[in-house]
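Let's take a friendly walk through this model. Please have the viewer open as you read.

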Amino acid sequence: VICCISALARAVPFNAREDVCIIQMDEMVKLLETDQSVDVQVTKIQERVCTQMEDEMEIQKCDRNTNSYWGYLSQYIYEATVKNETDYLCSIDHLGISGCELCLLRVQDVAGHMESLQVIDQATQIVQGPIYCNMDNAWWDIEECMNDMAWYIPRALPVISNLVLEDDWNLNFCMSIGIECDSLDH
């Protein structure tokens with residue numbers, strides 16, 4: 001079924017194109033949540049966010065917490081900010097565009113959305129709440145955790161946004177859902 005998404009996108013009316021987009025968004029979230037993708041995300045966040053800390057102990061804490069919790073936290077973030085925003089993301093007009101070019105534009109739409117202030121605020125509130133900072137039986141200082149997340153999430157989400165825009169990630173995603181792309185398409 002997924003291999004036919006590209007052909008369907010060219011041959012179907014707008015409402016059906018939205019359905020194809022919804023499938024693409026769902027597949028993108030699934031890919032972001034795979035163990036392999038989470039490992040890449042963790043590494044990129046550690047390299048680009050944790051290294052911004054000035055104290056070596058804080059860098060180690062950030063590295064450790066990213067390694068331990070990003071896979072867990074990112075599921076909630078992607079569910080709320082991408083999957084639950086699919087109607088909005090699929091309403092972005094790309095008339096006359098199809099195939100690989102349309103898929104790459106959808107990836108760009110998600111990337112831009114993920115680094116918007118609204119999404120960063122939403123994601124920050126998610127992790128500051130009961131799924132992480134204020135979870136039942138939290139053994140850490142909740143206020144410190146909330147402050148840490150207010151610093152961390154606005155730096156982490158742009159890293160993820162940049163990751164999905166990398167050629168090897170976005171082309172591989174589009175091809176993984178059955179859309180033919182060659183490196184000259186973008």
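What percentage of the 186 residues of the chain count as buried? The figure is 42%, where buried means under 20% relative accessible area, exposed over 50% and partly exposed in between (1.4 Å probe, protein chains only).

## About the model

This is a predicted model, in which local features need pLDDT of at least 70, side-chain atom pairs count only at pLDDT 80 or more, and totals for chains, interfaces and linings use all residues. Residues are numbered from 1 along each chain as its sequence is written, and side-chain values use heavy atoms, leaving out hydrogens and water.

## Helices

You will find nine helices and zero strands; helices (H or I, at least four residues) and strands (E, at least two) are DSSP runs, numbered from the N terminus.

Take helix α3 (residues 35-48). Its buried residues include Val-38, Val-42 and Ile-45.

## Salt bridges

A salt bridge here is a side-chain nitrogen of Lys or Arg within 4 Å of a carboxyl oxygen of Asp or Glu. The count comes to eight salt bridges.

Arg-48 and Glu-166 meet in one of them (4.0 Å, N to O). Arg-48 lies in helix α3 and Glu-166 in the loop between α8 (142-165) and α9 (167-176), so this pair ties together parts that are 118 residues apart in sequence.

Lys-61 forms a salt bridge with Asp-148, with the closest N and O atoms 3.3 Å apart. Because Lys-61 lies in helix α4 and Asp-148 in helix α8, the pair ties together parts 87 residues apart in sequence. Lys-61 also forms a salt bridge with Glu-144, at 3.0 Å between the closest N and O atoms.

Notes
The expected span of a helix is 1.5 Å times one less than its number of residues.
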